[in-house]
Amino acid sequence: MATETFLHKISPVTAAMQDISHIYGGVPVLRHVQAALLPGACYLMLGANGAGKSTLLRILAGLLQPSFGSVSTWGVAPADARERIGYMSHAPMLYDEFTGAENLRYFAALYAGRPCLSVAEAFAAVGLDSSLPQPVQAYSQGMRQRLSLARVLLPRPELLLLDEPFSNMDANSAAAMLSLLARERNQGRTIVLTTHQRALAEPIADQLLLLADGELQTALPGIA
Amino acid sequence: MQIGKDLRLEWRSKDAINAMLFLALLVVVLFSLAFDPTRAEARQIAGGVLCVAILFAATSALNQAWSRELRGGVLDAQRMSPSPPSALLLGKVVANFLVVSSVELVLAPLFTIFYNLDPKGNAWLLLAVLPLGTWALVGNGVFFAALSMRARSRELLLPLLLFPIFIPALLAMTSAAGAVFTGESDPVLWIRLLAGYDVIFTTAAVLLFGLVLNSEG
């Protein structure tokens, strides 16, 4: 069913990666990566540790310039379209000393003048209580992950790049986050997520991006 | 917004302010004990001692200027936002300037007591010298801390980059403060030099900060 949905979503490209290679300290991390991401599709990126998943996400986010090749998002360089991209990394990307609400208020202010979710809406989307008084450093790992996702959703990005969003989450929290991501995808957002929990995320994936030794292959879910 | 955020973070942890106060007081007390200056000698060396105490203390805080952003990956979130890099830089410069200035407010009366100072010139001119010198130090310090934040030995790299650039401002600050304490020369020329230095280096930092922030490879 996910495959059918994917095939019916033929529309202009969200992101195009053209012959990307990236070298870290003399070691090639990505080799001749070529792919196109379509709007409203969910891509599950799989690969062993060190396969280059996080590097590819950072390149797509415009945070890292590839050594060779080019990336475009909506026809421009990702660095010029960053406010349309939401990026969640391994690190929570939050101030530990602030409460959840203080963090989201700060990040919302960075997008002042842009259409954003309210802080309350972002909290509600990830099922967190906005009135929690404790600083983020007192949150559990799962709560941090959810708050981090709330931060990503705040500016209503069209492309979501999520690096290991389910890591250290219990089964219920992971399932809740998965259904949230499915909703986001159904609203037309493009999602690229990496995880080592393939079985968990595969049901919402439209396509698999398999990274091995820096080379990318695509496959349909349930086949590769 | 950026200023309030940095000040609130510092208020909650008090990491930088405690380290700065401790270091600045240590320098002032140790110099006082080591030289045991007479009142006349104190007037001659006070400007230099005060500037060096502020320089060492501020450097310890500036080394940590971007640590919170790096630790949690917050810098990436800031880079992804449409907020201009200059706002991030200036917010941090102003917040650090206020923190260093508050340390100076505590330091100044203690300094006067330890060195038995009785300025011969216009003491109120220090109200121009100290803020201008502090801005020169903090403005450059925050910028160079950003430049060195991804380096492995950033604690070592920051003084190596900052101190040579800061020398003209240090000379102007020391000379102006010395002129105020001794009353032997007019500090206004030095104050003008400091103001010019601040304008030039702050402008350069604002213009170049986007490149520094987004340089990752």
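What percentage of the 224 residues in chain A is buried? Buried residues make up 46% of them, where a residue is called buried if 20 or more other C-beta atoms lie within 10 Å of its own, exposed if 12 or fewer, and partly exposed in between, with C-beta atoms placed from the backbone. Before we go on, note that this is a predicted model, in which local features need pLDDT of at least 70 and side-chain atom pairs count only at pLDDT 80 or more, while totals for chains, interfaces and linings use all residues. Residues are numbered from 1 along each chain as its sequence is written, and chains are lettered from A and ligands numbered from 1 in the order in which they are written.

Let us start with chain A as a whole. Chain A has 7 helices and 9 strands; helices (H or I, at least four residues) and strands (E, at least two) are DSSP runs, numbered from the N terminus. The radius of gyration of chain A is 17 Å, close to the 17 Å of the globule rule for 224 residues, so chain A is as compact as a globular protein of that length. That radius is taken over C-alpha atoms, and the globule rule is 2.2 Å times the number of residues to the power 0.38.

Now look for the sheet. Strands of a sheet pair through backbone hydrogen bonds, either parallel or antiparallel. In chain A, an open sheet of 6 strands has the order E5-E6-E7-E3-E8-E9, with mixed pairing; two strands pair if DSSP finds at least two bridges between them. E5 and E9 of chain A stand at the edges with a single partner strand each, so one side of each has no neighbour in the sheet.

E6(A) pairs in the parallel sense with E5(A) over 4 bridges and with E7(A) over 5 bridges. Met88(A) has Leu162(A) as its bridge partner in E6(A), and Leu159(A) has Thr190(A) as its bridge partner in E7(A). Further along, 4 bridges join E3(A) to E8(A), which run parallel.

Helices lie against this sheet. Helix H2 (residues 53-61) of chain A lies across E3, E5, E6, E7 and E8 of chain A, running at about 155° to E6(A). Such axes are lines fitted to C-alpha atoms, for helices over the stretch in contact, and angles run from 0 to 180 degrees between N-to-C directions.

Over in chain B, the axes of helices H7 (residues 126-148) and H8 (residues 154-182) come within 9 Å and cross at roughly 170°. H7(B) and H8(B) are therefore roughly antiparallel to each other, the word for angles over 145 degrees.

Finally, where do the chains meet? The contact takes 23 residues from chain A and 19 residues from chain B, counting two residues as in contact if their C-beta atoms, placed from the backbone, lie within 7 Å. H3(A) gives the most to the side of chain A that touches chain B, with 4 residues. That side divides into 15 nonpolar, 2 polar and 6 charged residues. Here Ala, Val, Leu, Ile, Met, Phe, Trp, Tyr, Cys and Pro count as nonpolar, Asp, Glu, Lys and Arg as charged, and the others, Gly among them, as polar.

Note on methods: Parallel < 35°, antiparallel > 145°, perpendicular 65-115°, else oblique.
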